[in-house]
Amino acid sequence: YTRNGLLWGIASYHENPQAQAFIDHALDKRYRNAAGTTPPGSAFARWYERFGIGGVYLEGGQYGPYLLGYPVIAFTSAGDHGHDAWSAVPFWRDAAWLLQYATTPARTRKRDGAGLRWEMFPFNDDQFFVDAGSAENTEYADFLGAMILRDPGTDLARQARDWIARTGVAPSWWVGAELAATPVAGAAPALPLDYYAAGAKFLYGRGGTQADATAFLFQLGAVNAYLDTGSPEFFEFGGVGHSQMDAGSFQLWRKARWLSRETTGYGSPDAIKGWNNGPPVDPGEAVAHNAVLFEGRGQIAGDLVRGAPVVLRLHSAPQFAYAAVDLTNAYRANADDPWEMDEDWPFAERVVREFVYLRALDALVVLDRLKSGSASLDPAYAGYGGPHLSAAQVRKSFLLHATGTGANEAGNPFTLGPGKASAVVGDQRLDLATLVPAAPAYRVVAEGGEVGQFRLEYDVSGAAQSYLLNVVSLRDADDAPLSASLVEDGTQ
């Protein structure tokens, strides 16, 4: 609507007495939140402050690119008339840098025998990720082309030029024609290994600077969490639709292979087998992601969700990347009355997940501090639709996905052992060492359907407070696995 209003105002300016009003409405009210406009929460600039910092196109790989491509003609036209709309909100600057990290470092093989394509780390509704080539989208190239045309003398323009050249994704002809006459001189800057997008709370990182180094994504936020702004006109679900229950998930890529990623999909046609080989569920549910579950569910949706996860700590260093996130709010609803109980899943009391990625070892340490509760035994939950369990009875689950083997991805990639498992994906291998609990009962679920992968699960129960300590290491398939052990001496 911002684009349409602005273009209509520009195109009809000499014939339409309302043209300036269209331009003002688009740029001042919808977009940059000029003083005096109402409601104050409706403008793009305000959305950026809460959800857009870092440039994540929050509707995911299918719908998100439109956010980047739609304003190209409108904002470039405004620039031709002396108004730099791109600079009014920093989202576009952020998004140009984000794309450098959201794109896989090299072309990727979707499955055995498939060709190599450029990919994006998937998230949220994505109907077409299974077709491969998710980064090969003209919207991305048009947007980066517009960033070059806006100011070709910047490091951002140099990085945008390199992305287009590296991926070979061609912009639309009308952007390409302008780019052909716009030289960009100089080398692009060396980028940091890690990039944090504070709006979506996504941490992207790399194991090194080489093209085949491991790349990861920690999805620390939950863009669909309900946040009441105090205005009946504006309820925030990250400001977008098409969200999924991926709070706390992680994804890993190495040497042209997805070692572990979420199961992508869009709605019930892409249903996969549920937790513990249960009935089919929408791939938007947490079980389709590398999340933790309480009685088969993770993050929940609905108007009563308590809020978004809280990132507790971040640290980026040459040797490691670290993140800690409290996911509790996204797992529970504010259910104060009996008729609201069905929106709650009353088992999670505390959900804290910590990640340490050790670059030299190419290993990810995942520590989950999980506390279950007995809220389902409260008389207020007598009529809700879930089970009634004490805190010690609640099953808490760790999930890890891997792509199936073979040209049709139907082969189970996992090999299970005592306290350890491995998944061979092409010429790459993922090794899992579970240090706590000491003897996990692994099971592998073939998710099935058009998009399903293979999902390793294990459960813990018997106490309200549980700790899960897992080491996920990445290797060439022929290399020896990393040795991981737990030593506890009373102080560390």
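These numbered points walk through a predicted model, from its aromatic pairs to its sheet, its cores and a few single residues.

1. **Aromatic pairs.** The model holds 33 aromatic pairs. Tyr 66 and Tyr 70 make one of them, and this pair is stacked. Their ring centres are 5.6 Å apart, with 5 degrees between the planes. Tyr 66 is partly exposed, at 31% relative accessibility. Tyr 70 is partly exposed too, at 40%.

2. **A tilted pair.** Phe 129 and Trp 258 also pair, but here the geometry is tilted. The centres are 6.1 Å apart and the planes stand at 55 degrees. Phe 129 sits in the loop between strand S2 (116-117) and helix H7 (138-150), while Trp 258 belongs to strand S9 (residues 257-260). The pair therefore ties together parts that lie 129 residues apart in sequence. Phe 129 has a relative accessible area of 2%, so it counts as buried. Trp 258, at 4%, is buried as well.

3. **An aromatic cluster.** Phe 129 and Trp 258 belong to one aromatic cluster.

4. **A charge over a ring.** Look again at Tyr 70. Arg 3 lies over the face of this ring, at 4.4 Å from the ring centre.

5. **The sheet.** Five strands form an open sheet in the order S3-S4-S5-S8-S9. Their pairing is antiparallel. Which strands sit at the edges? They are strand S3 (194-197) and S9, and each pairs on one side only. Neighbouring strands are turned by 15 degrees against each other on average, direction ignored.

6. S9 pairs with strand S8 (residues 249-254) in the antiparallel sense, over three bridges. Leu 252 stands opposite Ser 260 of S9.

7. **A helix on the sheet.** Helix H6 (residues 91-102) lies across S3 and strand S4 (202-206). H6 runs at about 130 degrees to S3.

8. **The largest core.** The largest nonpolar core has 61 residues. Which element gives it the largest share? That is H6, with eight residues. Among the residues with the most contacts inside the core are Tyr 57, Phe 91, Trp 92 and Tyr 204. Leu 68, Leu 99 and Phe 143 are in that group too.

9. **Leu 68 up close.** Leu 68 touches Tyr 57, Phe 91, Trp 92, Ala 95, Leu 99, Tyr 140 and Phe 143. This list leaves out residues up to four places away in sequence.

10. **A second core.** A separate core has 53 residues. Met 341, Leu 364, Leu 400 and Leu 474 are among them.

11. **Thr 264.** This residue lies in the loop between S9 and strand S10 (272-274). Is Thr 264 buried or exposed? At 1% relative accessibility, it counts as buried. Leaving aside residues up to four places away in sequence, Thr 264 touches Pro 122, Asp 126, Phe 129, Val 130, Pro 283 and Val 451.

12. **Arg 46.** Arg 46 is in helix H3 (residues 44-52). With a relative accessible area of 32%, Arg 46 is partly exposed. How far is Arg 46 from Asp 194? The two are 148 residues apart in sequence and 26 Å apart in space, C-alpha to C-alpha.

Technical notes. Residues numbered from 1 in each chain as written. Predicted model: local features only at pLDDT ≥ 70, side-chain atom pairs only at ≥ 80, totals over all residues. Heavy atoms only, no water. Phe/Tyr/Trp six-rings, centres within 6.5 Å; stacked < 30°, edge-to-face > 60°. Buried < 20%, exposed > 50% of the residue type's maximum accessible area, 1.4 Å probe, protein only. Helix = DSSP H or I, 4+ residues; strand = E, 2+ residues; numbered from the N terminus. Lys NZ or Arg CZ within 6 Å of the ring centre and 35° of its normal. Pairing = 2+ DSSP bridges. Axes fitted to C-alpha atoms, helices over the stretch in contact; angles between N-to-C directions. Contact = heavy atoms within 4.5 Å. Core = buried A, V, L, I, M, F, W, Y, C linked by side-chain atoms within 4.5 Å.
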